[in-house]
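This briefing goes through a protein model topic by topic. The structure comes first, and the notes follow.

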Amino acid sequence: MKKFAFTLLLLLFVLVIPEHGQAAAGTNKIFLDGRELTAGQDVPVENVNNSVMVPLRMIAENLGYKVDWNQKSKTVTIEQQGKTIKLIVDQTAASVDDKTVILQTAPLLRGGTTLVPIRFIGEQFGLTVTWDNVQKIVNLITPEAAGNNTGNDGNAGDGGTSVVVPPSETTNGLAMVNGLSFNENRLTIAMDGSSVPKVSKITGPDRIVIDLPNATFSDLFGTGQVLDPNLNGSLAVTDYPDVSGIRYSLYSTSPYTVRFVIDLNHAKNYSVEVTGDSSKLVVIDLNAQSTEDTATLPGNNGRKLVVLDAGHGAKDSGAVGVTGKYEKNFNLAIVLKAAELLKKENNIDVVLTRSDDTFLELKDRAAMANNLKADLFISVHANSSGSSAASGTETYYQRADSKAFANVMHKYLVQATGLSDRGVRYGNFHVIRETTMPAVLLEAGYLSNKKDESQLFTESLQNKVAESIVKGIKEYLGL
Ligand SMILES: [Zn+2]
């Protein structure tokens, strides 16, 4: 789109926007040259993984970029002034013209709406993007308005301001690192040009070091990731038990070397894979099988490893009780209490799929237990029914090799809740189907039932349920 049309659209927008245009209350607001953009009342702007995600149509309508959506391939194409960005729903790998970049947060679907990362897109098209972390405001400033200082005076509080890596003759011929992501226990680095990664394992503390010789960061890198003016940055990793974080830096300029460090919670083997021709992906995969260092993994040295899974979390509340209490909070309280008790057991290690109010996909919960080669998997839930009369305790299994475990767990669970016994049942639930060890899903009671709900949120019942989980585990394991 030509600048004239762009300006015209901006002008139209300024004329039609109501005085108090609202981004959904309590969520992030977006200002373009000092004017608030509306996302539409039904579609809130979301902050996902520290990326502000906005509806695609907001970009089309307010920024005047040419936007195309392919329903079949779930691909978003955005064009402006000869530059083309392609993003795919649920994929962190994206492209700018023909270069692969890695997004901090993949585009996602909410109902029929596609949400895309506004900072990344804005910066690609020359907008200055700042973030006021106190007021939760994103400011987009067009080059035209940059001199007028009409924008909200937000600082780049998240440190994510784009850092322009100075181009010079010395960087000619170097490989360019465009981005990184950490997903499914894999570090993926996107890079243009040729650099053969050197990967090594270091102990005390345990970490994996990846050096990319003859490489530097490209201008794109700082838009997808945090990069400070000294060309250092880090990525927090919270959902994977092996990894505490990722660091990266321009380690040396003579010769040029980009270094990534995966900080580990314990020694871990890995495999390295490089794919692509001129635009490459370097993948450091921590799911690699190994016999060498398993002695340091939890659950070894004769100890049994139990994975406790608190159902739901964050945006997914689970069942909502008659008085409005959330299932996710009950589930979390139980696993935290049970984990405390299990930590006192000499022969049992425990890993939680979540230990706070965060969201995890079902497949990630199962993968965590499978990757750890856990001995047992227990998912904690509370139920809900259309009938307020439904009440009581159920234990579910999906695979035949989980049934004996379900019987033992249920025996203690029913005693603990004191609610009516609805039995051990077959249930085709993802987490107990896709796990590879004996796995059960506990439905402690019905939040849609007044009596069950009030009982389930008492400290004494929760303590008893936590104790019953420990008793069941110990009996089943013969400990
Ligand atoms: Zn549930």
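**Helix α10**

In helix α10, the buried residues are Leu 461, Gln 462, Val 465, Ala 466, Ser 468, Ile 469, Val 470, Gly 472, Ile 473 and Leu 477. The model is predicted, and features described locally rest on residues with pLDDT of at least 70.

- Helix α10 covers residues 459-477, which is 19 residues.
- From the first C-alpha of α10 to the last, the helix reaches 27 Å, close to the 27 Å expected at 1.5 Å a residue.
- The residue that follows α10 is Gly 478, and its phi is positive, near 70°.

- His 312 counts as buried because its relative accessibility is 18%, and the cut-off for buried is under 20%.
- His 381 also counts as buried, at 11% relative accessibility.

**Salt bridges**

- The count of salt bridges comes to 18.
- One of them joins the side chains of Arg 247 and Asp 263, at 2.8 Å from N to O.
- Arg 247 lies in strand β20 (residues 243-253) and Asp 263 in strand β21 (residues 256-264), so the pair ties together parts that are 16 residues apart in sequence.
- Arg 247 counts as partly exposed at 39% relative accessibility, whereas Asp 263 counts as buried at 16%.
- Arg 399 and Asp 401 form another salt bridge, with the closest N and O atoms 3.0 Å apart.
- In that pair, Asp 401 is partly exposed at 45% relative accessibility, and Arg 399 is buried at 15%.
- A network of salt bridges that share partners joins Glu 184, Arg 186, Asp 285, Lys 363 and Asp 364.
- Within the salt bridges, Lys 363 and Asp 364 meet through their side chains at 3.9 Å, N to O.
- This N to O distance of 3.9 Å falls within the 4 Å cut-off for a salt bridge.
- Lys 363 has a relative accessible area of 46%, so it counts as partly exposed.

**Antiparallel sheet**

- An open sheet is formed by 5 strands in the order β5-β6-β7-β8-β9, and the pairing is antiparallel.
- Its edge strands are β5 (66-70) and β9 (99-102), each of which pairs on one side only.
- From one strand to the next, the twist averages 20°.
- Strand β8 (residues 93-96) pairs with β9 in the antiparallel sense over 4 bridges.
- Across this pairing, Val 96 stands opposite Lys 99 in β9.

Note on methods
Residues are numbered from 1 along each chain as its sequence is written. This is a predicted model: local features need pLDDT of at least 70, side-chain atom pairs count only at pLDDT 80 or more; totals for chains, interfaces and linings use all residues. Side-chain values use heavy atoms; hydrogens and water are left out. Buried means under 20% relative accessible area, exposed over 50%, partly exposed in between (1.4 Å probe, protein chains only). Helices (H or I, at least four residues) and strands (E, at least two) are DSSP runs, numbered from the N terminus. The expected span of a helix is 1.5 Å times one less than its number of residues. Two strands pair if DSSP finds at least two bridges between them. Axes are lines fitted to C-alpha atoms, for helices over the stretch in contact, and angles run from 0 to 180 degrees between N-to-C directions.
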